[in-house]
Amino acid sequence: MNLTFVVFLIPIFPLLGFLILGMGFRSIPKKVTSILGPGTVLLSFIFSLFTFFNVHNFAGSPTQTLFTWIHTGSLQIPFAFLIDPLSVLMLLIVTGVGFLIHVYSVGYMKEDPGYGRFFAYMNLFVFFMLLLVLGANYPIMFIGWEGVGLCSYLLIGFWFKNHDYNNAAKKAFIMNRIGDLGFLLGMFLIFNTFSSLSFDQVFQQAKAMPMGDPTIIAITLLLFIGAVGKSAQIPLYTWLPDAMAGPTPVSALIHAATMVTAGVYMIARSNILYVLAPTTMSVIGITGLATALFAASIAIFQNDIKKVLAYSTISQLGYMFVGLSVGAFTGAMFHLTTHAFFKALLFLGAGSVIHALGGEQDIRNMGGLRSKLPKTYWTFLIATIAIAGIPPLSGFFSKDEILLHLFEHSSLLWIIAVVGSLMTAFYMFRLLYLTFFRSFRGTDEQMHHLHESPRVMTTPLIILAILAAFGGLLNLPEIFNGGNSLSGFLAPVFADSAVLVTPETPMSLSTELLLMGITLIVVLGMVFLAYFRFVKNEPELLPDGAKRPSLVQLMINKYYIDELYDYIISKPILWLSKVFHEVVEIRFIDRLVNGVGNMVVWTGNTVRFIQTGNVGFYMFIMILGIILILFLNILI
Amino acid sequence: MLTVILILFPLALSLILISVRQERAIRQLALAGSVAEFVLAVAAFITYKTSCHCNLLVTADWLSTLGVSLKFGMDGISLMMVMLTTFLVPVIILASFNHSYSKPAAFYSLILLMEMALVGVFVAFDGLVFYIFWELALIPAWFICAVWGGNDRIRITFKFFIYTFVGSLFMLVALLYVYFKTPLPHSFDFQWLYAARLTPSEQSWIFLAFFVAFAIKIPVFPFHTWQPDTYTAAPAAGSMLLAGIMLKMGLYGMIRWLIPVCHNTMQQFAPVVLVLAVTGIVYASIIAIRQQDMKRLVAYSSIAHVGLIAAGIFVLNPYAMQGAVIQMVSHGVNIVGLFIVIDLIEQRTGTRNISDLGGIALKAPRLAIVFLIILLGSIALPLTNGFIGEFLLLLGLFKYSMIFAAIAGLTIIFSAVYMLRMYQRTMLGKINEITALTTDLSWREMAALIPLVIMILWIGLFPMLFLNLTADDVIQVLNYCR
């Protein structure tokens, strides 16, 4: 089969799915939707696998062009895809995890009246996400970038009768757009500098630029603003917790596994530009580390099962950015991959719990679900161990790779990052214990209805649990006799920047083991601390608004960042809107115009006649006039 | 010949219409005629593409002693505008069928008369002819707004008329002045006017006179205060004609007149105009955020959007100029779509106030989908028409000044804020007693909206057909400034 053809088929399937479901979602029977929705993504997955096995065939000509999208002057934007190990890795994650989540949704959304609409949006999301990862130039990537933002908007506000959800959706879109402006300006500067927006040409030219070139720093910073918006980093992260208003599979797919990692992918893709901009790298490092800690500290006191996971996602994305900032591109992509497995699993598990409890999301009203939802419990446990970074599960290896690189860079940064890991272990095990251990704290009615989710939902959980458990094998470090296979696979993509990253003195095996040991011991300490607080002893579960120490109060209230934004951004703009309209517009500009106008009226009494009279008559006169003018020629 | 037929055909049609009595027949005739006019425009397009680059010129002597000739023709830019006009007029006519206007014969024939004048403006290759059509367009526009408009229409349309009329007088004075500076024997022919010998200070005065005329028509901040009132008070068809097509006369005029005639002063004035345009973008966007009346909200959003187009014309590079031309088309398509949707909502619920509405998507999912697509076009989501234009405009602006581009770029954030707010308050949320009986789109309403949706996606996906059409002419215009 023609390889180019295969590549273009990958995004076409979900697009077709969207078109069919979108046009006929009210008339297509549910059964057909249940096959069509996940089916299109499965086809994409199969073709992605095919591309994966043939990726070496693309090494010669990685860029596949379909047609010229925009061409004016020297601006040339082909509608082209780039097939290389990095995009293929993303393809597999998006379509693989995407397919599992689609299957899960068949069960989860079964009773929802908007069933068809849901799958239409989800398919559209997969389509745009595929454009994002396949694009061979920044504008095509940007199509996907904004397109997934649209789908995120549509799916967060999926239950659109509720204005709280709609507000959350709008907030997500607008915050993303703030980032997108940065991305857009970054593209313009790239075009200004390199006269091209295609990855191959830009990176080729960039290689020759000096380290620390101010233009490159500006470009990378602007692009990073885009990443900050999309990947929910400080200061543009507040939309992600609110985005939990969407159905849980949406949170799993868009707001955990795929879309929010787009920023990481974009920077990994632009790795050459970034290694040339050490200043930007520092900014990314500081932002990522601050976000990782900040979000983790908020997660500790959240009581909504999905909110805990949302802050956890923000925090984990922070780790990925930290990895990028020290040039550990493979490490960041590795963590992106394992995170996609375990975080999707956590969200789907949370969905299974919410499903069983009839919509309950407050972990204070859960507990003891271990025996009632065994499959959910076991898979959730695996994911929790994985994210906490306990070997031999996947999260340990991916996080460790980032931590080790960080240590090579600075031991202080390493300590800070380890503190973040501690918090991760604590809030995750708190979540696990409060949800599944001790006895049930909900109502009797909920207790009566408790049930394990149907097979269509638990099967994806089990598959994801296997991936979350063994995902570490993808890139086992040498120390465990691993072949660093992911590193090897991705090496061509990062080859040029690897040369530029100043090689650190290789760490001795004993140091590496020591660091791993320290991390592991403190993480396990946290697991036990959480065990004592939430399982061994009666957990202290205070209602909302209970009096707490002020630092805790600060964390419970998410550091009042939403309130702060309201005061320094939303309110001033609304005030400005009022002033512009009522003072500048009406009292000033318009009054001035009217003043001049009145003078005209006063002098020009002759125009009064147009205020009265018969329209037909005027029209007659006018048309007569036109004809007269046209024939004036002959008359003169 | 096609060029002249394009002008005369709507004129003839409007004459016939006045004599028709039956409303049904009037509508059918108006619609069929305007569709035929569009077919003629497409034929002109095909001729232009396939035959020579002869600009489809038609010349006839007229007042030859004064150097005035009936010279009509079309280059790529004219053709784009003619296509836009003839594409939108049938849509506007079809969208008007929901109303039963008094004196339908006068109403529909005025629309066609206006079409004639607009086409005339876009195909005139002679200064005086251009001016005549320019003024001619104002008359039917004024009648449509003043006779079939809403509350306070007389005061508002009077202001609109006087304001734009005064602007045009400035243009007339400038035009005559330039005429007397053309090489002997004086002529109003475009090429002669372009060749007029003007000192720098003369050019500055001419620039200001032309600029005021165009800035009022577009409108560019701070000449815009007639616009929100007029769009709000006008009948739906009037708002569409004004915002969708008529304001493009001003932008077209800038490209056709300001750049070639005032080529030495353009660069000098550009920073001033850019400050005005960019201020207007932010100013109007911020005002739009709090508007309750949907029509007024869209009116302010339009000031922001056309401000960006005006800015793009003044940075004088091919990216922004190409963007400006394609965005003129996109803006026309999108704003007509928005006004149709608003009109449909008003007919169904009796209000345009967004705080009274809500939950319409539950009752009218088709309307909600179409509204969403049009809205995405106007907030410039990639793969819609708005993105192509705004991307090129902002890129061109960036080449001129990064600061201006960054500030003008705020429009992509603000437009999301006010448009999504409007969508949320009308389409989403719970149904209330006002929206409870909303019905979904009828086939006739779909027929008006679907062509717009197709255009939004077509330009967004495959813009090359449109960009190619104007590529050479844009360069040619810009060469006057070299």
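Two residues are taken to be in contact if their C-beta atoms, placed from the backbone, lie within 7 Å. By this criterion, in the predicted model, 49 residues of chain A are in contact with 55 residues of chain B. On the chain B side, the residues that touch chain A comprise 43 nonpolar, six polar and six charged.

Within chain A, helix 1 (residues 3-24) packs against helix 2 (residues 30-53) at an angle of about 170 degrees, and the two axes are 8 Å apart. Angles over 145 degrees count as roughly antiparallel, so helix 1 of chain A is roughly antiparallel to helix 2 of chain A. Residues of helix 1 that make the contact include Val6(A), Ile10(A), Phe13(A), Pro14(A) and Gly17(A), and those of helix 2 include Leu36(A), Gly37(A), Val41(A), Ser44(A) and Phe47(A). The residues of this contact divide into 14 nonpolar, seven polar and no charged.

The largest nonpolar core contains 428 residues, and Ala344(A) and Ala468(A) have the most contacts inside it. Apart from neighbours within four places in sequence, Ala468(A) is in contact with Phe341(A), Phe342(A), Leu345(A), Ile382(A), Ala383(A), Ala386(A), Leu393(A) and Ser394(A).

In chain B, helix 2 (residues 23-50) has 28 residues, which at 1.5 Å a residue should span 40 Å; the end C-alpha atoms of this helix are 40 Å apart, in agreement. Among the buried residues of helix 2 of chain B are Arg27(B) and Glu37(B), together with Ile26(B), Ala30(B), Phe38(B), Phe45(B) and Tyr48(B). The cover over the buried residues of this helix includes helix 1 (2-19), helix 3 (76-96) and helix 4 (104-123) of chain B.

Technical notes. Residues are numbered from 1 along each chain as its sequence is written. Chains are lettered from A and ligands numbered from 1 in the order in which they are written. This is a predicted model: local features need pLDDT of at least 70, side-chain atom pairs count only at pLDDT 80 or more; totals for chains, interfaces and linings use all residues. Axes are lines fitted to C-alpha atoms, for helices over the stretch in contact, and angles run from 0 to 180 degrees between N-to-C directions. Helices (H or I, at least four residues) and strands (E, at least two) are DSSP runs, numbered from the N terminus. Angles under 35 degrees count as roughly parallel, over 145 as roughly antiparallel, 65 to 115 as roughly perpendicular and the rest as oblique. Ala, Val, Leu, Ile, Met, Phe, Trp, Tyr, Cys and Pro count as nonpolar, Asp, Glu, Lys and Arg as charged, and the others, Gly among them, as polar. A nonpolar core is a set of buried Ala, Val, Leu, Ile, Met, Phe, Trp, Tyr and Cys residues joined through C-beta atoms within 7 Å. A residue is buried if 20 or more other C-beta atoms lie within 10 Å of its own, exposed if 12 or fewer, and partly exposed in between; C-beta atoms are placed from the backbone. The expected span of a helix is 1.5 Å times one less than its number of residues.
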